[in-house]
Amino acid sequence: GVVGDGPFLEFGADIKLLNEYGCLTLDSRRNLYLAACEGHLTTVTREGVIKDKLQMDGCWLYGVAHLKQEDKYVVSDVNNHVIHIIDPRDMTIAWTFGRKGANTGQFNTPCGVTSYTEDGRTVLAISDTGNHRVQLVDIYGTHVYTYGWEGVGEGELRRPLGVVYLGRGRIVVCDYDNRRVVT
């Protein structure tokens, strides 16, 4: 059920389905999208009602972000080392890109994901956790830029997890093993 009459809304404690969720995002209609670690993406309305569920067997979903320009969702799959683009109209996988590896466009445990628009195109920033870097790619997986390599110094990362776009080309990264936040 839904609890709360103030600025906060709480729901899901009584819904078995809402166990083991990792990340969330809002769409333009203020629906909440939840990525579940055990392999499903769930839509919840702002009233706390489960609207849709996309079961993705064999996946371990971690990050999710709304692609405003395309009205799609991007979700990272750490188990398969890929990125899925989801169409919310019919809750299907529109396309997938990436594979396990250390080259550009390849991932090793992709976790956090955020998106922004630059020069009319959507760019994804993905924390490529196992490769100790953040990759910027377009929505089809074409490499744009890579930031970081393994280490503790400036420009170096150790298991980056969360990423968020601040605007004006700035991305904030949760540098997990270095216990710091970097921009």
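Analyst: Buried means under 20% relative accessible area, exposed over 50%, and partly exposed in between, with a 1.4 Å probe and protein chains only. The model is predicted, so local features need pLDDT of at least 70 and side-chain atom pairs count only at pLDDT 80 or more, while totals for chains, interfaces and linings use all residues. Residues are numbered from 1 along each chain as its sequence is written, and side-chain values use heavy atoms, with hydrogens and water left out.

User: How many salt bridges does the rule give?

Analyst: A salt bridge is a side-chain nitrogen of Lys or Arg within 4 Å of a carboxyl oxygen of Asp or Glu. Among them is the pair of R159 and D177, at 3.5 Å from N to O. By this rule the count is 5.

User: Which residues are linked with K72 in a network of salt bridges?

Analyst: K72 meets D87 at 3.7 Å, N to O. K72 belongs to strand β8 (residues 72-77) and D87 to strand β9 (residues 82-87), 15 residues apart; strands (E, at least two residues) are DSSP runs, numbered from the N terminus. The side chain of R89 also meets D87, at 2.7 Å from N to O. The residues linked with K72 are therefore D87 and R89.

User: What is the relative accessible area of D177?

Analyst: D177 forms a salt bridge with R159. R159 lies in the loop between β16 (156-157) and β17 (160-167) and D177 in the loop between β18 (170-175) and β19 (180-182), so the pair ties together parts 18 residues apart in sequence. R159 is partly exposed at 35%. D177 is also partly exposed, and its relative accessible area is 23%.

User: Which residue in β10 stands opposite I85?

Analyst: Two strands pair if DSSP finds at least two bridges between them. β9 and strand β10 (residues 92-97) pair in the antiparallel sense over 5 bridges. Opposite I85 stands W95.

User: Which residue takes a positive phi in the hairpin of β9 and β10?

Analyst: The hairpin has 4 residues between the strands. A positive phi near 50 degrees is taken by M91.
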